[in-house]
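The following exercises concern a two-chain protein model. Each task is followed by a solution in steps.

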Amino acid sequence: MEDKAISHFFKQDGAHTLAFYLNQNGYEQAKKALKELTPEDLLNQVKAANLRGRGGAGFPAGVKWGFVPQGGDKPKYLCVNADEGEPGTFKDRYIMTYAPHRLLEGIIISCFCVGINTAYIYIRGEYENVAQRLETAIDEARAQGFLGKNILDSGFDLEVYVHRGAGAYICGEETALLESLEGKRGNPRLKPPFPASIGLFQCPTVINNVETIANIPLILHHGPEWFCNQGLPKDGGTRLFGVSGPVKKPGVYELPVGASLKDLIFTHAGGMQDGKTLKAVIPGGMSAPILKPDEIDITLDGDSLMEAKSMLGSGAVIVIDEDASMLEVLRIVAEFYSHESCGQCTPCRVGNPWIRKTVKRMAEGKGRRGDIENIRRVANNILGKTLCPLGDAAALPILALTEKFKEELETSLSD
Amino acid sequence: MKIIIDGKTIEIEGKKTVLEAARENGISIPSLCDHPRLIPFSGCRLCLVQVKGSRRYLPACSTECGEGLEVKTRTPQLVRLRKQILELILSEHPNACLICTEKVNCDDHKSTIRKVGEVTGCVLCPNNGRCQLQDIVTEIGLESVGHPSVYRELEVRRSDPFFDRNYNLCILCGRCVRICREVRGLSTLTFIQRGPNTVVGTAMDESLLRAGCQFCGACVDVCPTGALTEKSMKYEGLPEQTDQTICTLCSLGCLMDVHTRGNRILYSQPAANGPVNDGQACVKGRFFLKEVVHNPKRITRPMVRENQEWVEKGWEETLAFVARKLKTFKSGEMALVESSQASCEEGFVLRSLAGGILKTGNLIRPHVQAPVSVYQRMMDRAGIQPGLNYDAAAIDGAETIVVLGTDIAATQPIIWLQVLDAVKYKRAELIVIASPEFSFSRYAGTWLRHFPGSETPVLTGISKLILEREEEGRAGRAAGRAALAADLEGWSLKDVEKDTGLTLEAIHKLTEKLSSPGPVAYLFGAETASRPDGEAVLTALWNLSLQTEGRLIPLGMESNERGLMELDRDGDGKWTALEEIQQTIKDRKIKALYAAGPIKLPLKAKPQFLVVQTPYWDEMAEAADVVLPTVSSAEEDGTFVNTGGRIQRCTPVLEPLGDTRPGWWILNQLSRKLKSQVTEYKRTSDIWKEIRKEVDALSGVTAAFLKEGGDLFVKESPAGEPAYIPPGQPGKPPRPTKQRPFLWLNLANLDSYRGLVFSREDKGFRLFRDESRALLHPEDASTLELKVGDEVILESAAGNFSCRVRLDDRVAPGSVVTALAPFRFADNRASHVLTVKLKRGS
């Protein structure tokens, strides 16, 4: 079977080894890039493929790379965001576990394209075994001459380092990630300046999600046109969707961008367990506004989810059935963001704990009339008012939950 | 460029944020985390504004103005939003008083009781009345807080000196954290924990003392609430008056805002418009100025010893007595001592008294050992005019900054801030040449650890390498190159390696760096210049500076060294050394001593008649026959010249305490008693009429300057043609001997004022920087079986000194580092590198 999908190697024995990857024509694209193509060719191909970022914000990768100033005396850096902290998300772990060499090949090509000689993979601290696997893969690749000095006699040098995070959600935010990587407290930076001009160690930096980078060899292999055709014209390729919750077959599914959410849940993931009824779906990681069952007949791409006032985010689909209490869902959401706020700006630092306390009180049966309105008022004060996207990530699901499940939540209130 | 704020078109020049532009044009946007000295943080979110074309509200503090930008700052939505954000802030801060309906009448009806363990409202807060949070609540007009308030219940941190930290009042604006990192370069304070548990603290939550705090007080000054408060003013309430004067506790002369009530200083803060300090100060100016003035050791009445008893007398009677006594001695039997912390006026009158009236050349002038004097003297002898004046630009413009042997961040913290700024933000390279590792060395690109006292071979070695590799390079420009080359023949690099303990490779590497193009600033202090071999070190440094586009920047010790040096500059260049005077006192040749400054006296051989002119009751005053009390720092009415040649007025912020008088007044009155024709000086301007005539370098001090101040420097003749100074043949740097197996470095100590040693006066200061400490490498300490706090006796050629042991692995093994006050030494040099034997004390 030809390698035409990110998930091609998933769950195959030994897929993570260099021997296996080479057997599957691994590193051929890197060879092609380094030996036959110019950085401009590569950038044009990535731009033509309309590859959008897979981390959450969905920014076109080619455009992002294009922002990096050429020349200059400062080194440039690539940071691969493998922090994968968004609750419900576990797709990058699959890539790094089963296809670390595909990621490395993507890194080589990306770095060559942007003119980078040092790449960091910032991986969440909990992924200890995955980090080890990456280290092993890097050692293998270096031994084979795919990393290090003068790769494949092309004159191109590249070192890749794995950096493990220490367990803060905020470090998945790209500028907080840079701070953390620099050895500082993981607080987000003010933008502008954007990392493309002033990033890691004050140098131009590209930050991409694992899945984004892992797509690069495929684009090179089959061409941008093929890649575009896989998905939508403005949002090419496939995406990995991590389905969790009471479905028959939870797991990672690779579907074209623009596939149906309903199909994903009821066909690919096998539908609801034990004949339960679907109550709600969070379509893109916990920060994505929740959808009710009548809203899930929708295609999985950034634009259509935005239209439905939610977001595709990291493609983590959390399925919720009739047994779940929405108050409990709200409590978990509020708890998480309150805990993970970095503490820098007022609305998020003070507002989220305040919401958490109110929801906790409601969960203890001591809710009061007006609580939900107050929660919404505070959430609205967070939304769009904070320094980094964490504020929005907290406010959006809370606003959606309190709007769409207001009646159920109100039942917990005494007067 | 033009921007529009609230419909008003505003013309803007240069790069500015919306907040800056608004404030400059009288449009107030509330903000708590913004501070003019800090990089925008955008944490409080109070300054959110509406910008045309932006979906989100943007923080005014970090949004830069662009042509045609349209901003609205007070739409109904924004007003509501600000109230809500402020409510959130106040839910973490005791707020009952802030929104109390009775707050207007509170002052009339409630007494202010601040002696409480916990501050739960403004009336209990030391910062009441000077709190930016109070101002913002008033500005925004908040009347209620919709959220229940949360008291963090954190323990108030009181164990560190000078200020307390009560994080129950902290609103996490981060100003303290940022000023500590961005401006002071220390990062002692940081945010710890996260989310709702975020607090400001130190690494591992250590005490400030252990976390490396320098107690500059910058964090206290930027704190918008009462979270950080100066201990000594906790119960003081608000000042009545604020005046500006310069701090005379070191050679820089920072401009300070001194806040007073009645005739008492409540506290002092660095003035934002300070020409040398730019809104910053150090521990001394910030926390010790008032201690110097209101010190229990102050003497407030003239006193005469009568039959072994001290009797307080009036000035008239006392001075008449002193004059009568002095007349009984011959010129050669009298000696005088001055302090380098005396004003130019005092210095001038003292010189008139010594030379003109008492006709004695026995005037001990400690400034002759100051780095700037040593440098000037050496240059003078070589017939070179190097240009001694300098200001911040000399450091700011340097691409390479070399700090030679001095802990600049401790001794010259404000000059260090300029170095730091150049290194941190302008990519200048810092090179440290020193035996101990100083805490600021972490900013150094290169740190050369040489054997203590071997600076001359280090620098000469580099000179030789540059000369060898750059035959026709920059080295060719100055005159005297042939003589330099000839002398350098005698310096073997092998010996340099042996004498300095450095590898040739390390010296080569540094040579490389110093030879790269771009101006170099060489900063040196008393540690090298004031040593017996100071001139040799400076010669080597001077030659190196000529080879590397460099300039020498002497760092000072005491507030008016330069001013007093300028008074002496046209003299014969001779001075009486302290050692000589001491010998003559011992030999009973000197019978009368007039000490207007602290010196080490052979007390057993006290002269027949001892007059001590001092603000403080100290050992010398105790031994005296007459004590003449002078004013101290902030009461001083006088003119001071900093090491860089900047002339500044110290204007009194208080009436002189008790019956104290400025030194110049005392000396002038005494002179008149001795010789009736002497002019009476009523004010300092009377003295300047004469100084202007006699001292050309200070002739710029006009009546207008004395009244209004201004930027004024010592008049210098234009810098002459530079020439190399032949370094002569190599000497032997000190090496440990069998009898004295350690090398003892005494670093500059600037923590005293007119004999008052701060660490002896104040426990907090002692904990922070103890004058009597001796730093030892832990391995040496364990060999000698010495522990922290043990007394150790340093037995050296300069005498025996008792110190307290501190362990510090940044001290090179085999060496011991102290910073004893200069007047502890009999030869009045600020620094030494001596061989020493360490002996356990009792």
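**Exercise 1.** Determine which residues Arg377(B) contacts, leaving aside its neighbours within four places in sequence.

*Solution.* Step 1: Contact is defined as heavy atoms within 4.5 Å. By this criterion Arg377(B) is in contact with Val368(B), Glu535(B) and Trp575(B).

Step 2: The model is predicted, so local features need pLDDT of at least 70 and side-chain atom pairs count only at pLDDT 80 or more, whereas totals for chains, interfaces and linings use all residues. Side-chain values use heavy atoms, with hydrogens and water left out; residues are numbered from 1 along each chain as its sequence is written, and chains are lettered from A and ligands numbered from 1 in the order in which they are written.

Step 3: Arg377(B) belongs to helix H10 of chain B, residues 371-382. Helices (H or I, at least four residues) and strands (E, at least two) are DSSP runs numbered from the N terminus.

Step 4: Arg377(B) is buried yet has no salt bridge. Buried means under 20% relative accessible area, exposed over 50%, and partly exposed in between (1.4 Å probe, protein chains only). A salt bridge requires a side-chain nitrogen of Lys or Arg within 4 Å of a carboxyl oxygen of Asp or Glu. The nearest side chain of opposite charge, Glu535(B), is 4.3 Å away; Lys and Arg count as positive and Asp and Glu as negative, while His and the chain ends are not counted.

**Exercise 2.** Is Ala22(B) buried or exposed?

*Solution.* Step 1: Ala22(B) is located in helix H1 of chain B, residues 18-24. Step 2: Its relative accessibility is 0%, and therefore Ala22(B) counts as buried. Step 3: Not counting residues up to four places away in sequence, Ala22(B) touches Ile5(B), Ile27(B) and Ile29(B).

**Exercise 3.** In what order do the 5 strands of the open sheet in chain A follow one another?

*Solution.* Step 1: The order is S3-S4-S2-S1-S5, with mixed pairing; two strands pair if DSSP finds at least two bridges between them. Step 2: Strands S3 (148-151) and S5 (205-209) of chain A stand at the edges with a single partner strand each, so one side of each has no neighbour in the sheet.

Step 3: S2(A) (residues 118-123) and S4(A) (residues 156-164) run parallel and are joined by 6 bridges. Within S4(A), Glu159(A) stands opposite Thr118(A). Step 4: S3(A) and S4(A) run antiparallel, with 2 bridges; Phe156(A) in S4(A) is the bridge partner of Ile151(A). Their hairpin has 4 residues between the strands, and Leu152(A) takes a positive phi near 50° there.

**Exercise 4.** Which strands make up the closed barrel of chain B?

*Solution.* Step 1: The 6 strands run S27-S33-S30-S32-S31-S34, with mixed pairing. Step 2: S31(B) (residues 791-796) and S32(B) (residues 799-807) run antiparallel and share 6 bridges. Ser802(B) in S32(B) stands opposite Ile793(B).

**Exercise 5.** Characterise the interface of chain B and chain A by area and by salt bridges.

*Solution.* Step 1: About 2,500 Å² is buried between the chains, 52% of it on carbon and sulfur atoms. Buried area is the accessible area (1.4 Å probe) that two parts lose on being put together, summed over both. Step 2: Arg56(B), Leu88(B) and Arg194(B) supply 26% of the area that chain B buries against chain A, more than any other three residues. Step 3: Each chain contributes to the contact, with 29 residues from chain B and 29 residues from chain A. Step 4: The chains share 3 salt bridges; Arg349(A) and Glu92(B) meet in a salt bridge at 3.2 Å, N to O.
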